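Please read them with the sequence and structure open.

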Amino acid sequence: MILDELVRLLPRTNTAYIKHFLLLSFILVVRIQTHAQNVDPCNYELKGIILDADTKEAIPYVQVILKGTQRFELTDIDGKFHIKDLCDESNALLITCLGYCDTTCQHFHESEDKPYIYLKKEVSALDAVTVTAERSREEGTVSIAQQIISKSDLSANTTQSLASALSEIDGVTFTSVGSNVQLPVIHGLYGNRILILNNGLKHGFQNWGSDHAPEIDIATANKVTVLKGAAGVRYGPEALGGAIVVESDPLYFKRSFKTRIGTGYQTNGRGYFANAEISEGLEKWSYHLGANYTRIGDRSAPDYSLTNTGKEEKSINGGLRYQVNDFDFKFYYSYLGQNLGILRSSVAESGTAIVRAFNSDEPNIIRDFSYDINQPNQLVQHHLAKIESSWRYADDAKLVFKFGSQLNQRDEFDVRRNADLPIIDLDLITNDLQVDWEHPHWFQLDGLIGLQIFNQNNDNNPGTLTSPFIPNYNTFRFSGFIIESLRSDESTFELGIRLDYEYNNVRGREPNQDLYKDEYSFTNLTASLGYILNLAEGNTFRSNLATAWRTPNMSELFSFGQHGFKTSFGLLRYYTDENENGRFRTDRVTPLGESSITPEKGYKWINEWQLRKLTNTFTVTAYTNYIQNFIFNRPLAVIGTIRGPMPVFIYDQADAMFVGGEITWQKKWSSTLEGNLGISYLWSRNLKKNEPLINQPPINVNYQLDWQLPSFWEGISSQLSLNPTYTFRQFQAPRTVGPEALIDGLVTITPESEIFDFKDAPDGYFLLDIAWNVKSEKIELGLSIQNVFNARYRNYLNEMRYFADEPGINFLFTINYLFNSKSN
Amino acid sequence: MDFLKKYSLYTLLVVAVLFTGCDDEEPEPENLPEIITDVMLIFTNVADANDIVEARAQDPDGEGVEELRILDDITLGTDKTYRLTYEIFNNLETPGDNIGNEILDEDDEHQFFFSFSTDAFASPTGNGNIDKADDPINYDDEDDNGFVVGLQTIWTTSSTTLTGGTFTARLQHQPDVKTATSGATDGDTDFDLEFVLNIQ
């Protein structure tokens, strides 16, 4: 992606200066083909000047290292450097900003889009210049394997969910309930085991079950970072599997007025969307405004329409930044409103209906295409407001205050007698206060010390005509953390410790509407240890061992009865009665303090080795994640109800182990052809019962081939991408017990029974996506075809696999218009 | 310093917001018209209003794990004609909520289906319409669309006795699904209860 943007900036050799576009980098590698200044060997020379592009001010004390040698130069007060007596015509420069310049660069990074580097024309002919830049990493996560999805990737298809956009990263996939509700999965973990940070705040939403996706519109995101390690020390509880950091427009200063207007149409679901954004950075002011609207009707599988799978989504967001002296203020607000349809045929309220729905090859209800969204559906509104101010009181020290408030309103509708009333109607308010202190350089230590206060207030709105599935609750959390890193030439150590205290107050209703109350608190210490070793240039090893924890969520503790097609009982809602021979009872709520329930604790060790060699980049990631008191849903029994026999599930705790890895191989086949191979594998097990876990991602192999097509018109570039993927059948799936075997009593299920699934894991499948993108200075056109062969398949991680196939072929057309008042 | 002043003010404001957001509101109790805990089948002899046969099924904890209990057998007399009606209640509420009224209000979304020991009745004959929707059942009511409902049905026994037979009554909720031909597997089940049937 970085290269992508660079290419546009390169062919300007005729101007007096060559401008290189550098992304918020501390370490840059610049390859420059110099022309011979002299025919004698070792008599080449290289001169350059490093300037700020906008102000044309020199950047002094930049270290310019001749790659592969010990030689370096510092830029002088005028930003100039001069390296003599070079033996090669082609040289690679490593430009690093150390000491004083570190902060200078950081200033640039924070305040402006990019520091520009100008090189004097006489230095080079520059027919081939590549710049690779390593982005700066968030303090406390530098040793964690991480990957970034950039704006250009996100805007290629703004109709997709956050989870689906992230799934192009190896080791990341998504679990879903249909096409609209998709949750990111990192290394087999999802939901409360992945922390989602929206603009630096923990996204405050109804994060339970697999049917509540984070309400984040990717059209408003500027960049999304996926951390594959347990980033719990930096970001707080729940980051057992990793963290997803969504950032909006960075609000750089000194940036010309920019507009981007995009619209598009997709054939599957006859979806259309439009989005617009404007931004401008002045001397001390900067703002950003964006809005997005998406409407999709019923999707269709190759053989039938997926009735009631439409969605409607609107979002707006805006940011404002103001700087006075050393103080920097940022205000941010975003709103997202969604109406998400869920496949009509997935509703099965009785045992016989489940059997019928499961055994039918096609969904039981298929209607003609419609944009209408009926029950079952989810209506969600999410507001986020944030104030952030930082005070850079010294060159290498900074104090940051963040305060955020979020309101999440969720109404869920079900097919039932009172279908016009929501069956779930919740308002969740989240407040977050954070103070971070980036302390000055101290005995070779760089570090960050932070304090956080977090609170959530969840209320049920009356009028659902059901017992509240999730109780009212208040959560308070007080946290403090410290992260220190020690850098030497080849290696960096990073150590972090965090202490959390969490208090919960819960009020709910039993089935007979009697009130139950509970109060509980936990104190937990998490730690992380990271190590980075730069073996050689372009050869880096990262290792991170970290703990993370979370309290069981409200549905794991308190759920009672049917949600979706499953009847489940939370950890505190059932007990075995010793007086009655261990009989299962659900007639009272056990206070957490009297139960044996403990928080989940994870220990994740992740290693990443990255090797860049010539045109190849290899990345190998391997991890183990041991989770103590892992909470999962498992079958209990088949019980007789008024509606007929029903399979019943309970939440249970056991220790679990996850071991896996990813390999990616990026290869530049030629100057116009680049390929990227990714393979991911995960093995997981419930250690207590020595049985598999359900809904774990299967092996996936994917390849992406990008071909820069020859320019057919001045100033227009185009790229053709092919993306074949093969997803294997999940051969570690639990045994299969059909619901009819349960209901007819052919298989007896007891609390000790082995875990099972109702249907076999679906077969492996091959998918091909093709995309063609054309770019000019002002217009970007995209045509992509998803599921080119219109393959019939079911995705093991989609709960709808019990009922229907995945959507078939889709043609997506997008057009973006970009306007930049000052062309750089 | 001016800025520090601003900062502390702003921090104070933030802390105030953070802690005023704390309430300990309790969820309000709900009416539960969708839960059925008690179903009673009432067979009333059309010739003698005092000749009533009642059969009860009960799931006292609603969605909890308590097993369903079929409390009574259906024991009918030979050569009699009965009208079958229901009492459907949610007794998790006090007083119990009469769900039968709700079903009557939404009778265009509901239909009762039956299955029974083959030829247990003189009319209807056969084994009921759960297996095949157009098998005979003597419905005695209609919804606004002219489709049968089954809140009232007529059953005539013959002179043949029966011991230990079965009688199943199933109520299907069929919003936007109910038609003249919709069957016992369309829509969702509100209740599905099998009783022992004796005719003597």
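**Notes on chains A and B**

1. The model is a predicted one. In chain A, the secondary structure amounts to 47 strands and eight helices.

2. Chain A has 824 residues, and 48% of them are buried. Of the contacts in chain A with a separation of 6 or more, 67% are between residues 24 or more positions apart.

3. The contact between the two chains draws on 54 residues of chain A and 41 residues of chain B. On the side of chain A that touches chain B, strand β28 (residues 445-460) of chain A gives the largest share, with five residues. Sorted by class, that side of chain A holds 24 polar, 21 nonpolar and nine charged residues.

4. Chain B contains an open sheet of four strands, and the pairing in this sheet is mixed. Read across the sheet, the strand order is β4-β11-β10-β7. At the edges are β4 (74-76) and β7 (110-116) of chain B, each of which pairs on one side only. From one strand to the next, the twist averages 30 degrees.

5. How do β7(B) and β10 of chain B run, and how many bridges join them? The two strands run antiparallel, with seven bridges between β7(B) and β10, which spans residues 162-173 of chain B.

Notes:
Residues are numbered from 1 along each chain as its sequence is written. Chains are lettered from A and ligands numbered from 1 in the order in which they are written. This is a predicted model: local features need pLDDT of at least 70, side-chain atom pairs count only at pLDDT 80 or more; totals for chains, interfaces and linings use all residues. Two residues are in contact if their C-beta atoms, placed from the backbone, lie within 7 Å. Ala, Val, Leu, Ile, Met, Phe, Trp, Tyr, Cys and Pro count as nonpolar, Asp, Glu, Lys and Arg as charged, and the others, Gly among them, as polar. A residue is buried if 20 or more other C-beta atoms lie within 10 Å of its own, exposed if 12 or fewer, and partly exposed in between; C-beta atoms are placed from the backbone. Two strands pair if DSSP finds at least two bridges between them. Axes are lines fitted to C-alpha atoms, for helices over the stretch in contact, and angles run from 0 to 180 degrees between N-to-C directions.
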